[in-house]
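Subject: Structure handover

Hi,

Here is the structure I promised to pass on. Please open it alongside this email, and then read my notes below.

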Amino acid sequence: SMNKLVATPAHLGWRFIALLYDAVISIALLMFSSAIIVILNAGAPVTPGGFMAFLAFLFFWLIIGGYAIFSWRIGGQTLGMRPWRLKVLNADGTQPSWRSLCVRYCIASGTLGLGALWSLFDKQRRALYDIASGTLFVRLLAD
């Protein structure tokens, strides 16, 4: 039928392109977050290895995670995924739960994204974090 979209597993290149777009958004989020950290630290530089550095890292991780998880949950995609019609879905095509998206982010960030390389060998092009969270990374194409 016309104007029907079909979800097909997206290859590693699409993950990378979306990540590049989202890096620009992440930089803006990190700049804003850094300003908050500077204010909380009374304008003093954050000492590497110190408690404030740990808090800053945790804050940055939560801000980026919040952006990704919220985006995946609300529309199935981040801003970087939108132009390419990329989406995160459950294996059955439904919307993933908050919990599975949190698992997805924790594993993706915890493996520094290297879990995505598994998609080169998986029949459904799933990354390790997709397998663990029960999600699929797909591209919507006109039928």
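This is a predicted model: local features need pLDDT of at least 70, side-chain atom pairs count only at pLDDT 80 or more; totals for chains, interfaces and linings use all residues.

**Salt bridges**

The side chains of D130 and R104 meet in a salt bridge, at 2.9 Å from N to O. This pair links distant parts of the chain. D130 is in helix α4 and R104 is in helix α3, 26 residues apart.

D130 has another partner. R15 forms a salt bridge with D130, and their closest N and O atoms are 2.7 Å apart. Again the link is between distant parts of the chain: R15 sits in helix α1, 115 residues from D130. Why does R15 count as buried? Because its relative accessibility is 8%, and buried means under 20%. D130 counts as buried too, because its relative accessibility is 0%.

The count comes to three salt bridges. Another of them joins D122 and R126, with the closest N and O atoms 3.0 Å apart. D122 is buried at 12% relative accessibility. R126 is partly exposed, at 24%. Shared partners join R15, R104 and D130 into one network.

In general, side chains of opposite charge can pair when their charged atoms come close.

**Two helices**

Now look at α1 (residues 12–40) and α2 (residues 51–75). They pack at an angle of about 140 degrees, with axes 10 Å apart. Their crossing is right-handed. Residues of α1 that meet α2 include I25, L29 and I36. On the α2 side, F59, F60 and Y67 are among those in the contact. Which kinds of residue make up this contact? It divides into 13 nonpolar, three polar and one charged.

**The core**

The largest nonpolar core has 13 residues. W72, M81, L86, V88, Y105 and F137 have the most contacts inside it. The elements giving two or more residues are α1, α2, β2 (86–90) and α3 (98–110). α2 gives the most, with four residues.

Leaving out residues up to four places away in sequence, Y105 touches W61, I64, G65, A68, I69, W72 and G110.

**A glycine in a loop**

Last, find G76, in the loop between α2 and β2. Is G76 buried or exposed? G76 is buried, because its relative accessible area is 6%. Beyond neighbours within four places in sequence, G76 is in contact with S71, M81, L86, K87 and V88. The C-alpha atoms of G76 and A35 are separated by 29 Å.

Best wishes

Definitions and conventions
Residues are numbered from 1 along each chain as its sequence is written. Side-chain values use heavy atoms; hydrogens and water are left out. Axes are lines fitted to C-alpha atoms, for helices over the stretch in contact, and angles run from 0 to 180 degrees between N-to-C directions. A crossing is left-handed if the near helix is turned anticlockwise from the far one by less than a right angle, and right-handed if clockwise. Contact means heavy atoms within 4.5 Å. Ala, Val, Leu, Ile, Met, Phe, Trp, Tyr, Cys and Pro count as nonpolar, Asp, Glu, Lys and Arg as charged, and the others, Gly among them, as polar. A nonpolar core is a set of buried Ala, Val, Leu, Ile, Met, Phe, Trp, Tyr and Cys residues joined through side-chain atoms within 4.5 Å. Buried means under 20% relative accessible area, exposed over 50%, partly exposed in between (1.4 Å probe, protein chains only). A salt bridge is a side-chain nitrogen of Lys or Arg within 4 Å of a carboxyl oxygen of Asp or Glu.
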